[in-house]
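Please keep the sequence and the model in view while reading.

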Amino acid sequence: MKLIKPHGGKLVNREVAGLERDALIEASAAMARLELSPRAISDLEMIAIGAYSPLEGFMGEADYHAVVSGMKLANGDAWSIPVTLPVSTEQAERLPKGTDVALYQADHLLGVLHLREKFTYDKQVEAQLVYRTIEDAHPGVRVLYDQGDCLLGGRISLLNRPRDLSFTQYRRDPAQTRAYFRERGWRRVVAFQTRNPVHRAHEYIQKCALEIADGLLLHPIVGETKSDDVPAEVRIRSYEEILRHYYPAGRTVLSVLPAAMRYAGPREAIFHALIRKNYGCSHFIVGRDHAGVGNYYGTYDAHHIFDEFEPAELGITPLFFDHTFYCRACDGMASSKTCPHEPKDRVTLSGTRVREMLGAGELPPLEFSRPEVARLLIEAYQRLEAGLAGAAA
Ligand SMILES: [Zn+2]
């Protein structure tokens, strides 16, 4: 048995090297320039390293419409989130189709877009179908409404990685995680997506999954997130602590995912699963309200959406988890699926209550959070309160 195949069958690599790279860098001086947003920079890198296989560039019109309306690429492969390069109408007018466009992060050359298509699109239709709401209070919809009115499509070539990359020691491309899994003889690998610190409930879910897998990929998102999510530096330190004290080193690997959060809930759960398939994972944990925000999605919508696909269309196997907690009567971690007891026996705390406790320098109960993690969060919340948030965020 081998590792799972990438989505579409082949791991895309659009990072060019050697003479081809030299030639494109030289030619880029004469190309039209386009400065990318943080979201587009992240997408460019994700495409180039194969994390978005089979995508080789920003979507053209046929793929865009097939994805928005039917969660498929034009060739029929499952795909749930549009990956687009928006620009203003004025910018689009000065970029001729059939030419190469140099892509920049400020004054840093990142790569080249081989521009094939320019098209307009209906933002409200995309909002309704992808995010299930047209309200601009939704952070993903807000980004969509604020972006340009024209989309550029075409393959990309990556010449240089983005500048100022954080957590370089934890950055592994799909080819590298695949090599890591192979070296360790892991074939069934379960991925856990997160943008939050790991409390006991998540630790329990991860370990339940690890009982039936060879290895666990703890894969936090460090691309753009909402400003009120816990800062990535704090989260990474909390993962290091919990892994050091409570996880077997030979079965667990921490790696960061440079993707931007969309907060598209169910559709993003599919997207996150396909991305992890490209990283070599056979199983993907989907908790309650995966990638949700506010009250836009039902608690189990991110589970139900998997029923809209045949298992072979996705390839990666979702593992669905319910709300988990410590139960004093069970004397252990459990979930509403496995514990028959009353709410009074269960140690549950709302997110608001946890933040209050941490902000007040109070350790949550041991049954809720490991003290090594809680102490880091207390420090972080106290720094935030002291008004030093800017430096940490
Ligand atoms: Zn119980």
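Ala291 is buried, with a relative accessible area of 8%; buried means under 20% relative accessible area, exposed over 50%, and partly exposed in between (1.4 Å probe, protein chains only). The place of Ala291 is the loop between β10 and α11. Helices (H or I, at least four residues) and strands (E, at least two) are DSSP runs, numbered from the N terminus. Although Ala291 is a residue other than glycine, its phi is positive, near 55 degrees.

Asp289 also belongs to the loop between β10 (283-286) and α11 (301-304). Asp289 is not a glycine either, yet has a positive phi of about 50 degrees. With a relative accessible area of 28%, Asp289 is partly exposed. As background, most residues other than glycine have a negative phi, and most peptide bonds are trans.

## Basis of the model

The model is predicted: local features need pLDDT of at least 70, side-chain atom pairs count only at pLDDT 80 or more, and totals for chains, interfaces and linings use all residues. Residues are numbered from 1 along each chain as its sequence is written, and side-chain values use heavy atoms, with hydrogens and water left out.

## His272 in helix α10

His272 is found in helix α10 (residues 266-278) and is buried, at a relative accessible area of 1%. Not counting residues up to four places away in sequence, His272 touches Gln193, Ile221, Met261, Phe284, His290 and Ala291; contact means heavy atoms within 4.5 Å.

## The zinc site

Which atoms coordinate the zinc ion? They are SG of Cys327, Cys330 and Cys339, and ND1 of His341, at 2.1 to 2.3 Å. Donors are N, O and S atoms within 2.8 Å of the metal (3.2 Å for Na, K and Ca); water is not among the atoms, so sites may look incomplete. The angles among the 4 donor atoms are 102 to 116 degrees, and the site is tetrahedral, a label given to four donors if all angles lie between 85 and 135 degrees. The ideal angle for four tetrahedral donors is 109.5 degrees.

The donor residues follow the spacing C-x2-C-x8-C-x1-H in sequence. Cys327 in strand β12 (residues 324-327) and His341 in the loop between β13 (332-335) and β14 (346-347) are 14 residues apart, a pair that links distant parts of the chain. Cys327 is buried, with a relative accessible area of 0%, whereas His341 is partly exposed, at 29%.

## Helices α5 and α6

The axes of helix α5 (residues 123-131) and helix α6 (residues 139-146) come within 10 Å and cross at roughly 160 degrees. Axes are lines fitted to C-alpha atoms, for helices over the stretch in contact, and angles run from 0 to 180 degrees between N-to-C directions. The two helices α5 and α6 are therefore roughly antiparallel to each other, since angles over 145 degrees count as such.

Where the helices meet, Lys123, Gln124, Glu126, Ala127 and Tyr131 in α5 face Gly140, Val141, Leu144 and Tyr145 in α6. Leaving aside neighbours within four places in sequence, Tyr145 is in contact with Lys123, Gln124, Ala127, Ile134 and Asp136.

Helix α13 (residues 351-359) has Val354, Met357, Leu358 and Gly359 as its buried residues, and what covers them includes α14 (371-385). After α13 comes Gly361, whose phi is positive, near 80 degrees.

Elsewhere, the peptide bond from Ser53 to Pro54 is cis, with omega near 10 degrees. Pro54 lies in the loop between α2 (38-48) and β2 (57-58).

Terms used:
Four donors count as tetrahedral if all angles lie between 85 and 135 degrees; four count as square planar and six as octahedral if opposite donors are over 155 degrees apart and all others between 65 and 115; anything else is irregular. Angles under 35 degrees count as roughly parallel, over 145 as roughly antiparallel, 65 to 115 as roughly perpendicular and the rest as oblique.
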